[in-house]
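Please consider the model shown below.

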Amino acid sequence: MSHQPAPSPELTHRTVASPAGRVHLVEQGTGPLVLLLHGFPESWYSWRHQLPALAAAGYRAVAIDVRGYGRSSRPKDVAAYRMAALVEDNAAVVHALGERSAVLVGHDWGATIAANSALIRPDVFRAVGLLSVPYAPRGGPRPSEVFAGMGGDQEFYVSRFQEPGRAESEIEPDVRGWLAGFYAAFSADSMPAPDAPDPHFAGRGGTLRERFPDRRPGWLGDADLDFYAGEFERTGMSGALNRYRNMDRDWEDLAEFDGAPVTQPSLFVGGSLDASTTWLADAIAAYPTTLPGLVSSHLLDGCGHWIQQERPEEVNRILTGWLASLPT
């Protein structure tokens, strides 16, 4: 009689207490805790392909809505979205789940939040996986000055996002259309040609959306786009955009960690067609110094920015292999 593995339990939604009020999370499976942090403009739902795979591999996989998103608290004060506050949210989730430690895996902004959580709270976070955005230690000039100097006579998207209300006025009249274009602009199978205007920038007086493609990436079905659009139509965009509005504040808050390495066991997975990977090639090259605990690093050929949605099976295989290698 052959032994069949027990089916993985279904997704469980709940909210737990956090310093801002509440964090909404979705969990699946039992075992060591793996906390999954999404980026912009996303949701716990960005990990829909990873939750069942991690649960099947023997982990308690928990994807949260980061502060400002979905059903998590959305404080009005812009300063409530500083990095230090998001780190404390993550620690609060671990403790609310009855655990003492967790592995963190983050994508995009979630990768930066994960790295800083590992840096600030090594007592709670024992390993860190970074998808798409490499770890670069705090340092250098004030971030807003760096972004303002990029692009010449064009404006970098981060600079636009930093001004309260400005990006909202572009996005909120047609959230679904804007999100579809933003996801398409940075997906391998739908991004603009290399000689087309770069969608990371807007012309003076123009919009970002003018440069988004009008085709849909293969990973983004109608139901997926409906979910994302429904969340942001309900919450508005400010909570998500406020992360960008704290980059100078973080630079000040984290001065004591200037140049600091993340020493826990780590993983990096990037896409070869993702600007986050190519522009930050120097950060990846510095990993022997900045991520001395790096277990494995992967560059997925022909992959764009939305890595765990564009290449779910490959990412699941890498994640479960790395998790299995960690000391328990």
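L104 stands opposite V128 in strand β6. Helices (H or I, at least four residues) and strands (E, at least two) are DSSP runs, numbered from the N terminus. The structure is a predicted model, in which local features need pLDDT of at least 70, side-chain atom pairs count only at pLDDT 80 or more, and totals for chains, interfaces and linings use all residues. Residues are numbered from 1 along each chain as its sequence is written, and side-chain values use heavy atoms, with hydrogens and water left out.

The pairing of L104 with V128 in β6 belongs to a parallel arrangement in which 6 bridges join strand β5 (residues 102-107) to β6; two strands pair if DSSP finds at least two bridges between them. Together with helix α3 (residues 109-120), β5 and β6 make a right-handed β-α-β unit. Right-handed here means that, with the strands pointing away from the viewer, the path from the first strand over the helix to the second runs clockwise. V128 also has a bridge partner in strand β9, namely S266. Strand β9 (residues 266-271) pairs with β6 in the parallel sense over 4 bridges. Why is strand β6 largely enclosed by the rest of the structure? Of the 7 residues of β6 (residues 125-131), 6 are buried, so the strand is largely enclosed. Buried means under 20% relative accessible area, against over 50% for exposed and in between for partly exposed (1.4 Å probe, protein chains only).

These strands are part of an open sheet of 8 strands, in the order β1-β2-β4-β3-β5-β6-β9-β10, with mixed pairing. The edges are held by β1 (12-18) and β10 (294-300); each has a single partner strand, so one side of each is left without a neighbour in the sheet. From one strand to the next, the twist averages 20 degrees; this angle is taken between N-to-C directions, on a scale from 0 to 180 degrees, with axes as lines fitted to C-alpha atoms, for helices over the stretch in contact. An antiparallel pairing occurs between strand β2 (residues 21-28) and strand β4 (residues 60-64), joined by 4 bridges. Within β4, V62 is the bridge partner of E27.

The open spaces come next. On a 1 Å grid over the protein atoms alone, a pocket is an open set of points with protein on both sides within 12 Å along at least five of seven lines, whereas a cavity is a set where a 1.4 Å probe fits but cannot get out; lining residues have an atom within 4 Å of a point. The largest pocket has a volume of about 1300 Å³, a volume being the space filled by probe spheres set on the points, which are joined across faces, edges and corners. Of its 43 lining residues, T112, V133, F147, M247 and L280 are the closest to its centre. Helix α3 gives the most to this lining, with 5 residues.

The second largest pocket has a volume of about 340 Å³. It is lined by 19 residues, of which M191, P192, D198, H200 and L273 are the closest to the centre.

The count of cavities of 30 Å³ or more comes to 3. The largest cavity has a volume of about 70 Å³, and its lining includes H38, Y81, W109 and R243.
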